[in-house]
Amino acid sequence: MYKNDVLTGPISSITSLYLKNLKHTLIDFHRLDGIQYIPLAKRHSGLVAALLKPIMRLINRLNYDLVQVRKFDLRKRINGEDWPENAESMIGLKRMNNIQYCIEQIVKDNIEGDLIETGVWRGGASIFMKANLLVQGSQKRIFVCDSFEGLPRPTHKEDKGDIHYTHHQYLAVAQEQVAKNFQKYGLLDDNIIFKKGWFKDTMPSLRAEKFSLIRLDGDMYESTMDVLQNIYDNLSVGGYVIVDDWALPGCQKAVTDFRAERNLTEKLVTIDNIAVYWRKEK
Ligand SMILES: C[S@@+](CC[C@H](N)C(=O)[O-])C[C@H]1O[C@@H](n2cnc3c(N)ncnc32)[C@H](O)[C@@H]1O
């Protein structure tokens with residue numbers, strides 16, 4: 001039972017206790033003191049990093065590290081509004097709850113098709129998708145799609161000035177690391193399909209697949225549009241599109257353009273201050 005999005009009351013089953021603990025862990029919400037330790041080496045690049053290097057080497061040799069101690073804001077974690085240091089997912093609690101809701105409906109209504117997340121970072125949202133399938137006894141596959149090298153430099157006019165690609169140090173997470181994260185939670189199996197590369201190159205190869213859930217989390221216009229144009233037609237009626245980055249202008253424009261092009265009128269449902277979803281009706 002959630003009150004103001006914080007779990008308060010007793011939990012109804014071991015399954016819901018498992019899912020609750022998992023999602024809290026994946027977003028680093030279980031650390032109720034809200035303290036994170038950020039290695040100094042990760043905070044700096046360029047000249048400062050070069051100057052720090054010999055000092056850090058010496059400190060590390062003595063088995064010490066220099067860290068910045070920063071308290072994080074639990075409200076922001078609930079709403080996925082910060083970039084967490086230790087979490088496997090940055091999407092926050094409300095969007096995790098939304099994943100759980102959509103998968104429960106898909107299984108209950110027997111909606112055909114696999115699940116896909118485009119933009120996985122450390123894998124947390126996809127890991128939670130897998131846990132939900134597991135507890136529902138579903139054999140659906142999950143396509144885990146990313147460059148695993150961060151975001152592309154903007155090329156589309158709607159992405160002009162986008163600087164996500166410069167946050168390479170934080171946003172680029174190797175496929176091997178994401179696989180390890182699945183493994184850490186005991187959730188890596190043959191139904192987890194990794195698709196490495198830019199969406200413009202990988203999405204065309206998925207045109208023959210059938211989907212029940214498309215989770216868009218690529219932040220930019222191009223990274224959203226490339227996915228919708230290639231695979232939206234393969235989403236079953238009754239399936240869901242989750243738009244993690246509705247609050248970002250490039251992503252919102254891509255979704256708005258695509259829906260206008262296709263004359264899609266399904267209601268957009270608000271998840272939190274950033275994300276929306278819709279359920280395909282026709
Ligand atoms: C905000 S992060 C995803 C967050 C993640 N869903 C979570 O649970 O925390 C965005 C991810 O999208 C990937 N990405 C963005 N645009 C891409 C593109 N055009 N092709 C491939 N990967 C892309 C980045 O590499 C990054 O891992």
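Predicted model: local features only at pLDDT ≥ 70, side-chain atom pairs only at ≥ 80, totals over all residues.
How do the residues of the shell around the ligand divide into nonpolar, polar and charged?

1. A word on the model before anything else.

2. Now the ligand. Its surroundings comprise 22 residues, and Ser89, Gly119, Trp121, Ala125 and Ser223 are the closest. To answer the opening question, the shell divides into 11 nonpolar, seven polar and four charged residues.

3. The axes of H1 and H6 come within 10 Å and cross at roughly 175 degrees. Because angles over 145 degrees count as roughly antiparallel, H1 is roughly antiparallel to H6. On the H1 side, the contact is made by Thr15, Tyr18, Leu19, Leu22, Lys23 and Leu26. Facing them from H6 are Gly124, Ile127, Phe128, Ala131, Asn132 and Val135. By type, the residues of this contact divide into eight nonpolar, three polar and one charged.

4. Next, the sheet. Seven strands make up an open sheet with mixed pairing, in the order E7-E6-E5-E8-E9-E11-E10. At its edges are E7 (192-196) and E10 (269-270), each of which pairs on one side only. As a reminder, strands of a sheet pair through backbone hydrogen bonds, either parallel or antiparallel.

5. For a parallel example, look at E5 (residues 114-118) and E8 (residues 211-216), which are joined by five bridges; Ile116 has Ile214 of E8 as its bridge partner. For an antiparallel example, go to E9 (residues 235-243) and E11 (residues 276-279), joined by four bridges. There, Ile242 is partnered by Tyr277 of E11.

6. The E10 end of the sheet deserves a look too. E10 and E11 pair in the antiparallel sense over two bridges, and Thr270 has Val276 of E11 as its bridge partner. Which two strands does a hairpin join through five residues? They are E10 and E11.

7. Finally, the domains. The assignment for the protein chain gives domain 1 as 35-70 and domain 2 as 92-279. Between the C-alpha centres of domain 1 and domain 2 there are 34 Å.

Conventions:
Residues numbered from 1 in each chain as written. Near = placed C-beta within 6 Å. Nonpolar A, V, L, I, M, F, W, Y, C, P; charged D, E, K, R; others polar. Domains from an automatic or database assignment. Axes fitted to C-alpha atoms, helices over the stretch in contact; angles between N-to-C directions. Parallel < 35°, antiparallel > 145°, perpendicular 65-115°, else oblique. Contact = placed C-beta atoms within 7 Å. Pairing = 2+ DSSP bridges.
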